[in-house]
Structures are given as C-alpha cells and as structure tokens.
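Me: I am new to this structure. Please take me through some of the terms used for it.

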Amino acid sequence: MSANSPQSGEAHPLRLTINGQARSLQVYPWTTLLDLLREQLDLIGTKKGCDHGQCGACTVLRDGKRVNACLTLAVMCDGADLVTIEGLAEGDELHPLQRAFITHDAFQCGYCTPGQICSAVGLAEEGRACTREAIREQMSGNLCRCGAYSNIIAAVEEALPLMRAKANLQGGPRA
Ligand code: FES
Ligand code: FES
C-alpha cells in the first residue's frame with residue numbers, strides 16, 4: 001500500500017510553491033515530502049535512497065535551505081517555497097552546477113546526482129564553503145555509492161563562484 005493511501009485520519013490542505021508553481025494539495029499527516037514529490041506530483045528526479053536521512057539522495061531546497069525530503073513531513077511545508085532538481089534549469093539553460101557536473105564527469109549511475117546538486121545549491125546559499133576541504137566537509141551528508149567524490153567536489157568548486165556572483169547580482173544570498 002502506498003504511503004499516501006488513506007487508512008485512517010484525514011487529509012490536510014497544503015499550499016506551497018514548487019519550482020515556481022503555486023499548488024494547493026491534500027496530504028495525509030504521515031506523508032513525507034519525498035513521497036509527496038514522487039508519488040503525488042510525479043517529480044521523480046528527487047531520489048529515495050535510504051529513506052532514513054542517511055544518504056542525501058532526497059535533498060531538496062525549502063525556502064533556499066537544503067533539507068532531506070525523507071525526514072520532512074509534507075504538512076510541515078505549508079507556505080514553503082520548494083525547489084527540486086526539476087526546477088533548477090531556466091528553460092533550455094542548465095543551472096551552472098548541472099553544467100559543471102557534466103564538464104567534470106561528476107556522476108556514474110547518477111542516482112545521487114539530483115541530491116548532490118540540490119545540496120550544492122543550498123551550500124552556495126549558505127555562503128560558507130570557500131575551500132575544497134570545506135566543500136567536502138559540508139557536502140558529506142550526500143553519499144555517492146559510485147565513489148565519484150573527487151569529480152563532484154571539483155564540479156561544486158567550479159560552480160560555487162558562478163552561483164555566488166549570480167546571487168550578488170540578484171541582491172545577495174538569503175540569510
Ligand atoms: S533518502 Fe533521504 S537521506 Fe536517504
Ligand atoms: S553517481 Fe552513482 S551513486 Fe553517485
């Protein structure tokens with residue numbers, strides 16, 4: 001039975017913005033954000049790895065901050081502005097991190113990649129990681145079973161200044 005199937009309890013109204021689109025939904029209190037995205041909204045770019053907050057495959061951005069969607073109840077996101085991997089490109093123009101991941105060959109199977117990229121976008125918003133070591137440390141919640149870490153870090157290192165420059169042009173990173 002799906003995590004969203006009614007067994008008992010009532011569905012709750014939920015309003016949020018996902019990838020720039022306002023949505024009004026009904027969700028059960030036990031539905032995680034990850035299941036809402038994948039099962040109700042068909043946004044399957046966000047991956048389910050461990051489903052226990054240990055791998056980072058489900059990382060999305062809530063109000064600009066990275067969160068594990070598997071540990072977040074959907075009802076906690078009322079009024080939130082969510083961005084998933086599907087919302088990063090602007091039309092045909094890839095996000096700088098998506099381009100950098102291609103340039104640096106930063107994926108093999110690709111399963112961890114949406115979470116890695118969303119996490120790195122959140123990292124740029126945090127504005128803290130300025131060295132390769134700091135990037136490695138602050139991306140350590142995103143595991144890669146293929147072991148593409150050095151390429152991932154190289155991609156993030158290249159894209160961070162581009163994202164920060166863009167954020168500054170648009171009024172600076174969020175607090
Ligand atoms: S699926 Fe959420 S952290 Fe692993
Ligand atoms: S590219 Fe396969 S898990 Fe990271």
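Me: Why is Y28 called buried?
Reply: Its relative accessible area is 17%, and buried means under 20%, exposed over 50% and partly exposed in between, with a 1.4 Å probe and protein chains only. Y28 therefore counts as buried. This is a predicted model, where local features need pLDDT of at least 70, side-chain atom pairs count only at pLDDT 80 or more, and totals for chains, interfaces and linings use all residues. Residues are numbered from 1 along each chain as its sequence is written, and side-chain values use heavy atoms, with hydrogens and water left out.

Me: Why does W30 count as partly exposed?
Reply: The relative accessibility of W30 is 31%, which lies between the 20% and 50% limits.

Me: What makes the pair of Y28 and W30 stacked?
Reply: Rings of Phe, Tyr and Trp (its six-membered ring) pair if their centres lie within 6.5 Å; planes under 30 degrees apart count as stacked, over 60 as edge-to-face and the rest as tilted. By this rule there is 1 aromatic pair. The ring centres of Y28 and W30 are 5.1 Å apart and the planes stand at 10 degrees, so the pair is stacked.

Me: Which domains make up the protein chain?
Reply: An automatic or database domain assignment gives the bounds: domain 1 (12–87) and domain 2 (96–169). Their C-alpha centres lie 21 Å apart.

Me: How do you know that domain 1 and domain 2 are in contact?
Reply: Contact means heavy atoms within 4.5 Å, and 15 residues of domain 1 are in contact with 17 residues of domain 2.

Me: What area do domain 1 and domain 2 bury between them?
Reply: Buried area is the accessible area (1.4 Å probe) that two parts lose on being put together, summed over both. For these domains the value is about 1200 Å², with 56% of it on carbon and sulfur atoms.

How values were computed. Chains are lettered from A and ligands numbered from 1 in the order in which they are written.
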